[in-house]
Amino acid sequence: MRIWLVEDEPRFQSAFALLVEGASDLQLERTFDDFSPIREALDEGYAGPFPHLIVLDIRLPGESGIAAARQLRAAAPDTEILMLTTEDDPATFFEALRSGATGYVVKGGSPAQLLRSIRQTAEGVADYSPGVARHISTYFAAPRPSPLTERETEVLHALARGLSKRAIAEELCLSPHTVDSHMRHIYEKLQVSSGVRAVLKAVRMGLIDPDTLDDDD
């Protein structure tokens, strides 16, 4: 696996070179102090060959690793990007992912952890430092905003309670035509084709709490 390293700290460059040198399946082809030589080559039309993996420090002098990753992702879509950072914060992490990074490693971990991240990321497998995993868990565990308007939510709750369209119209003081319109919008936003499927998906998404539904019968 061929690797480029873009890192401005000489001590880390040396440590990284020694780490890769001891791995028979990895080859450090080039080391850059900043992104400017690569950017200039891209501006002049360089189209490859690119390595399997580019390891980028986020805090580079001049152009940041985030901005560099965006350019690399556009120019070399088949090359994986591993971000190096000293900042273990959610904002930087998600910005790195949006820029096209496959892996994200906080400096200071063990050589074995870094070596694993290099190999995993080079193979296209998302890899993050152990502490970063909590950001992902927190993100997906957080309540998701509802795609429905307040009125659409009221219609959906009434539908979940088993009310007919006419009964929904009477309860919410709406015309049957308006209820039909809200139902179409609900189906479109939830990407379903029936009221039953809308209710089931809303429950799975946490938009409806079954325990709060009244038994009107």
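On a 1 Å grid over the protein atoms alone, a pocket is an open set of points where a 1.4 Å probe fits, with protein on both sides within 12 Å along at least five of seven lines; its lining residues have an atom within 4 Å of a point. This is a predicted model, in which local features need pLDDT of at least 70, while totals for linings use all residues. Residues are numbered from 1 along each chain as its sequence is written.

The largest pocket has a volume of about 270 Å³, a volume being the space filled by probe spheres set on the points. Its lining comprises 19 residues, and Phe12, Gly109, Ser110, Pro111 and Leu114 lie nearest the centre. Helix H1 (10-21), strand S5 (103-106) and helix H5 (111-122) each give two or more residues to this lining; H5 gives the most, with five residues. Helices (H or I, at least four residues) and strands (E, at least two) are DSSP runs, numbered from the N terminus.

Strand S4 (residues 80-85) is mostly covered, six of its six residues being buried, that is, under 20% relative accessible area with a 1.4 Å probe and protein chains only. Glu80, Leu82 and Leu84 are buried on one side, and Ile81, Met83 and Thr85 on the other.

| Strands | Bridges | Direction |
|---|---|---|
| S3 (residues 53-57) and S4 | five bridges | parallel |
| S4 and S5 | four bridges | parallel |

Leu56 has Met83 of S4 as its bridge partner, and Leu82 is partnered by Gly103 in S5.

How values were computed. This is a predicted model: local features need pLDDT of at least 70, side-chain atom pairs count only at pLDDT 80 or more; totals for chains, interfaces and linings use all residues. Side-chain values use heavy atoms; hydrogens and water are left out. Buried means under 20% relative accessible area, exposed over 50%, partly exposed in between (1.4 Å probe, protein chains only). Two strands pair if DSSP finds at least two bridges between them.
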